[in-house]
Amino acid sequence: IETPEDAAAHSQKIRDVFVQQLGGWPEKTALNARVVDTLDRGAYKIEKVIYESRPSFHVTALMYLPKTPPPYPAVLFPCGHDPNGKAGEAYQRACAFLAVNGIASLCYDPIGQGERAQILDEAGKQKYTSTIEHTLVTVSCIPLGTSVAAFRIWDGIRGIDYLQSRDDIIKDRIGCTGNSGGGTLTTYISALDDRVYCAAPSCYITSLKDLILVDGPHDGEQCIAGQLAFGMDHADYLMARAPKPTMVLCATRDFFPIGGVWDTYRMTKRFYTRLGYPERLEIAEADEEHGYTPMLRQAMVRWMKRWLLNVDDTATEPDVTPLTDEEALVTTEGQVLKLAGERSVWDINNDLASKLSEQRKAANLPKEALLEKVRDITNIRPLQELPKPDVQKIASAQPFGFRVEHLVLRPEAGLAIPAMLYIPQYAVSGRALYVAQDGMASVTAQCEKLAKENTLVLAVDLPNCGETRSAWSHGEQWESLFGPSYKSVMLA
């Protein structure tokens, strides 16, 4: 990338692939936006807003407005993984800080948080934590060729549509900021929607190499299918919006590794410099742990004022009283799923599954052609292209009625598969491959029984089973829902 033309081509290539991997966008439909209440907060006011990002798929939001005469620039504020979404204290403080400095903001609940749980328990409360719910949606999306990120980005894009529909908002002065999962969404939305003039993602940007080696892949929306194979890293998201103003907000002791932040910043700074706008990319590092801390909120507001209001000053955060969770509710029931006729992500995905099924039937492909298409999409090689594995015999034993050989299979370089071969004492009458999630040691009795019945049995510890199990773990509840292989699967 040596010229401005090369840079523009790279940015467009990233955006095109990104949208393709998300599964594309739905049709823009009527927002049917309503302001259901207004709260006077002294130096600013809050409007409770609800809109439909898709038909009968409601988004709950708080609109923070200055008390000065309109129109105002505005900042879209996607939430991080705070369970109460837009009612999160740090998010309320950040939005109020913007409002008292002359900038409106729209802070909305993501799916799985606040008033937008997609799975309710028997008592009508959210059943799972936000990260688990997002990952359940991921599991639903993968076979459909879409992503949970697509749902979350689209909610934000429609949020910008709502901002631009208002007479009190300056349509070409839109910013975007958010922390953690909200930093992820800020990065994505700002890369894909040209209407975001000024961005400040917080506590997300690092490098995929640093992130994966330290902690493994994160939640579903942070794992875009094929991005490693294609070469789409965090720096590419920032480059995709160049040369629009962008500030990277980060924390020294974050679990998003700080070394990766600075590598990505330097790479992107060179890109902005090559375009002739080095002053439009900046970084603010707080000596803190993960979170939208006061120092980062201050850096964000000053950045937004510089580019959205043409004011370069030393704004400091006001003392505000945050709303309680109850006060922040937009719906009377506290959950959009309780609205009459409300659709969930599962309803939307079921409709897509039906549509894709009809498309497959209409294509009327022969089975072999369909399998070839599946192999091409998934990068699964046909059997004839696979090399014969190397087999290393480690030890053997001769229990009564059969023999056992301890093996290591190496299908390809860097991949070792522990195995045990159970060889019957007499003529072999059958052959069996035994695969167990808890590993071959957990099925010893079953394998021995088969061997005594003259079946040749190969028991294997496939990747992330038994002896090959990864050290990456999200915890017991994650394993009960997704098995032990979640991070390995998402990395793949």
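The model is predicted. It holds 15 helices and 14 strands, and buried residues make up 51% of the 492 residues.

**Overall dimensions and contacts**

- Taken along the principal axes, the C-alpha atoms of the protein fill a box of roughly 90 × 55 × 45 Å.
- Among contacts with a separation of 6 or more, 68% involve residues 24 or more positions apart.

- Strand β3 (residues 57-66) has 10 of its 10 residues buried, so it is largely enclosed by the rest of the structure.
- In a regular strand, side chains alternate between the two faces of the sheet.
- In β3, F57, V59, A61, M63 and L65 point one way, while H58, T60, L62, Y64 and P66 point the other way, and all are buried.
- Strand β2 (residues 44-54) pairs with β3 in the antiparallel sense over 10 bridges, and Y51 stands opposite V59 in β3.
- The hairpin of β2 and β3 has 2 residues between the strands, and S56 takes a positive phi near 60° there.
- β3 also pairs with strand β5 (residues 104-108), in the antiparallel sense and over 4 bridges; here Y64 stands opposite S105 in β5.

- All of strand β4 (residues 72-78) is buried, 7 of 7 residues, so the strand is largely enclosed by the rest of the structure.
- Both faces of β4 are covered: the buried residues are Y72, A74, L76 and P78 on one side, and P73, V75 and F77 on the other.
- β4 runs parallel to strand β6 (residues 169-179), with 4 bridges joining them, and Y72 stands opposite I169 in β6.
- The pairing of β4 with β5 is likewise in the parallel sense, over 5 bridges, and L76 stands opposite L106 in β5.

**The open sheet from β10 to β14**

- An open sheet of 5 strands has the order β10-β11-β12-β14-β13, with mixed pairing.
- Its edge strands, β10 (390-397) and β13 (430-435), each pair on one side only.
- On average, neighbouring strands of this sheet are turned by 20° against each other, direction ignored.
- The pairing between β13 and strand β14 (residues 455-460) is in the parallel sense and covers 6 bridges.
- Helix α13 (residues 444-452) lies across β11 (402-412), β12 (415-424), β13 and β14, and runs at about 160° to β14.
- A432 is found in strand β13, and its bridge partner in β14 is V457.
- A432 counts as partly exposed because its relative accessibility is 27%.
- Leaving aside neighbours within four places in sequence, A432 is in contact with T455, L456, V457 and L458.
- The C-alpha atoms of A432 and A191 are separated by 50 Å, the two residues being 241 residues apart along the chain.

**Salt bridges**

- The count of salt bridges comes to 29.
- E115 forms a salt bridge with K86, with the closest N and O atoms 2.7 Å apart.
- This pair links distant parts of the chain, 29 residues apart: E115 is in the loop between β5 and α3 (130-141), and K86 is in the loop between β4 and α2 (89-100).
- E115 and K86 are both buried.
- E221 forms a salt bridge with R152, and the closest N and O atoms are 2.6 Å apart.
- The pair links distant parts of the chain, 69 residues apart, with E221 in the loop between α6 (208-215) and α7 (227-230) and R152 in helix α4 (residues 148-165).
- Both E221 and R152 are buried.
- K361 and E358 meet through their side chains in a salt bridge, at 3.7 Å from N to O.
- K361 and E358 are separated by about one helical turn, because they are 3 residues apart in helix α11 (residues 345-363).
- K361 is exposed, with a relative accessible area of 57%, whereas E358 counts as partly exposed at 48% relative accessibility.
- A network of salt bridges links K28, R158, D161, D193 and R195.

**Nonpolar surface patch**

- L365, L370 and V374 form a nonpolar patch on the surface, and together they have about 230 Å² of accessible area.
- V374 is found in helix α12 (residues 367-378) and counts as partly exposed at 43% relative accessibility.

Notes:
Residues are numbered from 1 along each chain as its sequence is written. This is a predicted model: local features need pLDDT of at least 70, side-chain atom pairs count only at pLDDT 80 or more; totals for chains, interfaces and linings use all residues. Side-chain values use heavy atoms; hydrogens and water are left out. Patches are made of residues with over 30% relative accessible area and no salt bridge: like charges are joined within 9 Å, nonpolar side chains (Val, Leu, Ile, Met, Phe, Trp, Tyr) within 5 Å. Accessible areas come from the Shrake-Rupley method with a 1.4 Å probe; for residues, only the protein chains shown count as cover. A salt bridge is a side-chain nitrogen of Lys or Arg within 4 Å of a carboxyl oxygen of Asp or Glu. Buried means under 20% relative accessible area, exposed over 50%, partly exposed in between (1.4 Å probe, protein chains only). Two strands pair if DSSP finds at least two bridges between them. Axes are lines fitted to C-alpha atoms, for helices over the stretch in contact, and angles run from 0 to 180 degrees between N-to-C directions. Contact means heavy atoms within 4.5 Å.
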